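Trainee: I would like to learn how to read a model like this one, feature by feature. Could we go through it together?
Mentor: Gladly; let us look at it first.

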Amino acid sequence: MTDNRKNLALVQKGLRRRYRAERRFRLYGILSISFGLLCVLLLFADIISKGHSAFLQTYIQLEVTYDSGILDIDDVSDSGQVALGNFDGIVRAALLEQFPQVSSRRDKKELYQLVSSGEGFELRDRLVANPALLGKTETLWLVADDDIDTYFKTLDDDQVFAGMVSERQQAWVQALVDADRIKLKLNTNFFTRGDSREPEQAGIWGAAVGSFFTLLVTLVLSFPIGVAAAIYLEEFAEKGRWTDLIEVNINNLAAVPSIIFGLLGLAIFINFFNVPRSVPVVGGLVLTLMTLPTIIISSRAAIKSVPPSIRQAAIGIGASPMQVVLHHVLPLAMPGMLTGAIIGMAQALGETAPLLMIGMVAFIVDIPSGPLDPATVLPVQIFLWADSPERAFVEKTSAAIMVLLTFLILMNTAAVILRKRLERRW
Amino acid sequence: MTTANLLLVIFLLIGIAYYLGFDRSRNLARPLGGIRHLHSLPVYYGMRAAIWSGVPALALLILWVIFDDALILSALLSGLPEQLQPHTLSEKNLLINSIENLASGALSTEGVDPAMIVASERLTELRRNGASLVTAVALSTAVLGAFWGWLKISPQLRARQEVERVFRIALLACACVAIFTTVGILLSVLFESLRFFHSVPVTDFLFGLEWSPQTAIRADQIGSSGSFGAVPLFLGTLLISLIAMTVAVPVGLMSAIYLAEYANATVRNYAKPALEILAGIPTVVYGFFAALTVAPFLRNAGEGVGLTVSSESALAAGLVMGVMIIPFVSSLADDVINAVPQSLRDGSLGLGATQSETIKKVIFPAALPGIVGGVLLAVSRAIGETMIVVMAAGLTAKLTANPLDAVTTITVQIVTLLVGDQEFDSPKTLAAFALGLMLFMVTLALNFVALHVVKKYREQYD
């Protein structure tokens, strides 16, 4: 009796300490999860706070006269004349008209920097589309230069970022503000253009199209091959050394660093087979090899989840093993396989490193029109912009990240919905 | 005919072959009293004809697409006159290049050796002839194959078995892509590495303490000898991985333990997918975050307490990489912890242990092999991670263990050596493949051990 009481006292003595340890341990767990969640929040908040301003762009309203004297064009249908036309000249004339007091050469040079240097091409396209404009005057909103854009966007903040903008230019911007001739509008360039050295003219459409073609090639190759490999391994492979070798290889490839696949693409596809660099086909081939393990593993899981009774029933009424698989198992496993394919594609969409190896980092202005045109992809575009020194590219990069993340979230949500809606519980 | 059009025509022929086979089998069956007197369903006769028509023609076409350049160029070179015959590889490449430019009209023919002009015309002709030859051969193969498939159809023909055998071989071929990929990786890094080790001894590469991969353009250039000692890169990689693991392992492990043992269903349903978001974010985004947010923050914080933190510090890259790996560790650990049998928990709790004591003294030791396997897999991820370090870590190879200093890693060097145009015979580019070989070997070894450990452990409780 006394022994028992002694033990009880002993336990009771340590109990408070043990409960404290218990609470501490639990706290560590909560802290860990909070840290992880905080990182998610921080990442999104950081990207959005940096990138949201890129969806708006500073525009300056000017009276542009398509003066045939300055342009040196008398016939718009003559493409040679149009190509040589001095469209920058009419932008400059319009700026001078807005600020007639500017006279010295140095001042004029600064004044001309208010408007983006790419706007001449925009005016050319307008004139070609509507030749009747020659000699007429139009009131147009022209894209401002990136320095002016950054300055104007921070004008209302406590800390104005002047950067390269001179005091005279600041005064002109103020004059434009007073005249209500400068404002922020939706940045259409960002969604319709390819890459550019001028941040205000740079867009993600070229990279988005490149990503589309690359993913198309990846999907067309990796889904059938992955599904076929999964069917073979689950339904036909006899246990043995060969099958073991395949399985070990798939598991290992799933964990090989992605940059190694880039080396493979460089040495085999580009160097040995002489496939041209920078084209979505090579990118798609490399990403196919990279995503195959993901697709094979998820497809195998989907095939495994089809109950054996289905197979037995099919065999029972005389189907051959191949008919069992193609007519019964495959359709039932399809939702799971599609989910795996979407997840694999999301992985491929975000991949950068192997594509750097095969030359998809080139500076490409044109929008690719097919999988054999040189192109870049969204993550590589982000990498390129992140490397650019211009401050205006920081917001462009963040905005491009927001677009990329939106696509990824859409794909993953689609995968989740597909799984919930179509997957059957047996 | 262009390859795309040829492909289209072949597919059309395959379709026709299918229809003809299908139709003939039905016609043969009609006098016998319906298709139940055939050995296989008409579909299989059609497919058999389609396979006979398509497979040989497509195989031929693929071989041609792969080898056409080599064949045409060797035919061209053997036809060249004596004085133009190239002696070295680079001479040969130059010659081929100028002939191609002449042929495409990019180079004007003025003042060019007339033999070259003849060669360029020959190249154009060879190309044209080659293309028409392959068109003729591929199309006749397809037609002949279809005819053969059509001819052999009889009610006794075991068409289903034949078609299924072809399907089965196709499935096996797809499964073998994994093996080919591994072999391809090995061959590509191994061959280039061997060429690299011809000019730089293996021991210099593995144990050298200085890394400055410049190669001389002129023979007498100063300061461009190029040294390829990879130890600073290995150390830099290890340092960054170590920082990443000190973040990822405790946080990932504790999150997994909390979610598996403490959290109620609601918390688990929301916290787990939220954590998994971290795994779905592209690495280039982490790189941007590390370079533009974390690194400046650390530098400013360092200035505040009087420390000099490099703007490309190993700490910034390592921390962000750790965050990236958290969900990887936690989901692996979650699997392992859930695999520990409930009876072990019940036994420990029944003896009066608190929950944390049960976890620490019973579940954790039981799950340890699996956790170790998971951590090894995470280490291999950290070593092979590229974009974060390319964007946030430095380029200078320094022998240092100071996390506030800038270091460089294997993957950073591979990217810097290989991005852009490069020639394939300088040790500078080949060094990248040697680094790739190292990376592949190390990650392969880690994965192998990890998978083995995890598998062994799973068998214990199954």
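Trainee: Where does helix α12 of chain B kink?
Mentor: The bend at a residue is the angle between axes fitted to the seven residues ending there and the seven starting there. In α12(B) a kink of about 60° lies at B:L368, shortly before the proline B:P369. Helices (H or I, at least four residues) and strands (E, at least two) are DSSP runs, numbered from the N terminus. Before we go on, note that this is a predicted model, in which local features need pLDDT of at least 70 and side-chain atom pairs count only at pLDDT 80 or more, while totals for chains, interfaces and linings use all residues. Residues are numbered from 1 along each chain as its sequence is written, chains are lettered from A and ligands numbered from 1 in the order in which they are written, and side-chain values use heavy atoms, with hydrogens and water left out.

Trainee: What does helix α12 of chain B span between its end C-alpha atoms?
Mentor: The expected span of a helix is 1.5 Å times one less than its number of residues. A straight helix of 30 residues would span 44 Å, but α12 of chain B (residues 355-384) spans only 37 Å.

Trainee: Which residues make the nonpolar surface patch?
Mentor: Patches are made of residues with over 30% relative accessible area and no salt bridge; like charges are joined within 9 Å, and nonpolar side chains (Val, Leu, Ile, Met, Phe, Trp, Tyr) within 5 Å. Accessible areas come from the Shrake-Rupley method with a 1.4 Å probe, and for residues only the protein chains shown count as cover. Here B:L12, B:I16, B:Y18, B:Y19, B:L20, B:I35, B:L41 and B:V43 make a patch of about 720 Å². Helix α1 (residues 3-32) of chain B gives the largest share, 5 residues.

Trainee: Is B:L12 buried or exposed?
Mentor: Buried means under 20% relative accessible area, exposed over 50%, and partly exposed in between (1.4 Å probe, protein chains only). B:L12, a residue of helix α1 of chain B, is exposed because its relative accessibility is 58%.

Trainee: How many aromatic pairs are there over all chains?
Mentor: Rings of Phe, Tyr and Trp (its six-membered ring) pair if their centres lie within 6.5 Å; planes under 30 degrees apart count as stacked, over 60 as edge-to-face and the rest as tilted. The whole structure holds 17 aromatic pairs. One of them is edge-to-face, with B:W52 and B:W148 at 6.3 Å centre to centre and 75° between the planes. B:W52 lies in helix α2 (residues 42-78) of chain B and B:W148 in helix α4 (residues 114-151) of chain B, so the pair ties together parts that are 96 residues apart in sequence. B:W52 is partly exposed at 37% relative accessibility, and B:W148 is partly exposed at 39%. B:F197 and B:F205 also pair edge-to-face, at 5.5 Å and 65°. B:F197 is buried at 18%, and B:F205 is buried at 0%.

Trainee: How many residues of helix α17 of chain A are buried?
Mentor: In α17 (residues 378-387), 7 of its 10 residues are buried, including A:F383 and A:W385.

Key:
Salt bridge = Lys/Arg side-chain N within 4 Å of Asp/Glu carboxyl O.
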